[in-house]
Amino acid sequence: MKQVFLTVAAISGAFCVSAGAFGAHALRGTLSERSLQIFDVGVRYQMYHTLALLAIAILISTQATPSVSLITSGWLFILGIILFSGSLYALSLTNITILGIITPVGGVVFILGWLILALSSWNFQG
């Protein structure tokens, strides 16, 4: 599981840097200021949770048997990135406002990931 989370975190980090540069340079002048702000929120939250996923990969590497709650929080962060950041990217690029319905679901998934990560600290053996 460590390799999966580390790989996803590395790819996601590269994507964040690329998307941030794309937003700052290629999209400026093409999208409205509001759409650029929405895009930027997606990039920032993806990077925050990419770093959290990296921390989970590191924590897993210190455990002989990784806790289920630690693994679950990693998967929730990945799902949150897809739902929260992905919906913000799509919303900002397409202006299909119905996509905004998905964003809060991704936010709840992020919150659950953090709460389960807190729970995993009580099970930490390493």
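The legends below describe close-up views of a predicted model.

**Figure 1. Overall view of the predicted model, a protein with 4 helices and 0 strands.** Read from the N terminus, the elements follow the order α-α-α-α. Along the principal axes, the C-alpha atoms occupy a box of roughly 50 × 25 × 15 Å. Of the 126 residues in the protein, 39% are buried. Among contacts between residues at least 6 apart in sequence, 75% join residues at least 24 apart.

**Figure 2. Helix H1 and its buried residues.** Helix H1 covers residues 2-26 and contains 25 residues. From the first C-alpha of H1 to the last, the distance is 35 Å, close to the 36 Å expected at 1.5 Å a residue. The buried residues of H1 are Phe-5, Ala-9, Ser-12, Gly-13, Cys-16, Ala-19 and Gly-23. These buried residues pack against two other helices, H2 and H3.

**Figure 3. The packing of H1 with H3.** Two packed helices are described by the angle between their axes and the distance between the axes. For H1 and H3, the axes come within 11 Å and cross at roughly 25 degrees. An angle under 35 degrees counts as roughly parallel, and H1 and H3 are therefore roughly parallel to each other. Their crossing is left-handed. On the H1 side, the residues that meet H3 are Val-4, Phe-5, Val-8, Ser-12 and Phe-15. Their partners in H3 are Ile-71, Gly-74, Trp-75, Ile-78, Ile-81 and Tyr-89.

**Figure 4. The packing of H2 with H3.** Helix H2 spans residues 33-61, and helix H3 spans residues 68-94. The two pack at an angle of about 165 degrees, with their axes 9 Å apart. Because angles over 145 degrees count as roughly antiparallel, H2 is described as roughly antiparallel to H3. H2 passes H3 in a left-handed crossing.

**Figure 5. The aromatic pair of Phe-5 and Trp-75.** A pair of aromatic rings is described by the distance of the centres and the angle of the planes. A search of the whole structure finds 7 aromatic pairs. In one of them, Phe-5 and Trp-75 are arranged edge-to-face, at 5.4 Å centre to centre and with 70 degrees between the planes. Phe-5 belongs to helix H1 and Trp-75 to helix H3, so the pair ties together parts that are 70 residues apart in sequence. Phe-5 counts as buried because its relative accessibility is 0%, whereas Trp-75, at 41% relative accessibility, counts as partly exposed.

**Figure 6. The aromatic pair of Phe-39 and Tyr-89.** This pair is tilted, with 5.1 Å from centre to centre and 50 degrees between the planes. Phe-39 lies in helix H2 and Tyr-89 in helix H3, and their pair links distant parts of the chain, 50 residues apart. Both Phe-39 and Tyr-89 are buried. Tyr-89 is also among the H3 residues that meet H1.

Figure 7. His-49 is found in helix H2. With a relative accessible area of 4%, His-49 is buried, because the limit for that class is under 20%.

**Figure 8. Val-108 in helix H4 and its distance from Phe-84.** Helix H4 runs over residues 102-123, and Val-108 is found within H4. Val-108 counts as partly exposed, at 46% relative accessibility. Val-108 and Phe-84 are 24 residues apart in sequence, and their C-alpha atoms are 9.1 Å apart in space.

**Figure 9. Asn-95 in the loop between H3 and H4.** Most residues other than glycine have a negative phi. Asn-95 has a positive value, with phi near 60 degrees. The residue is exposed, with a relative accessible area of 56%.

Conventions
Residues are numbered from 1 along each chain as its sequence is written. This is a predicted model: local features need pLDDT of at least 70, side-chain atom pairs count only at pLDDT 80 or more; totals for chains, interfaces and linings use all residues. Side-chain values use heavy atoms; hydrogens and water are left out. Buried means under 20% relative accessible area, exposed over 50%, partly exposed in between (1.4 Å probe, protein chains only). Rings of Phe, Tyr and Trp (its six-membered ring) pair if their centres lie within 6.5 Å; planes under 30 degrees apart count as stacked, over 60 as edge-to-face and the rest as tilted. The expected span of a helix is 1.5 Å times one less than its number of residues. Contact means heavy atoms within 4.5 Å. Axes are lines fitted to C-alpha atoms, for helices over the stretch in contact, and angles run from 0 to 180 degrees between N-to-C directions. Angles under 35 degrees count as roughly parallel, over 145 as roughly antiparallel, 65 to 115 as roughly perpendicular and the rest as oblique. A crossing is left-handed if the near helix is turned anticlockwise from the far one by less than a right angle, and right-handed if clockwise.
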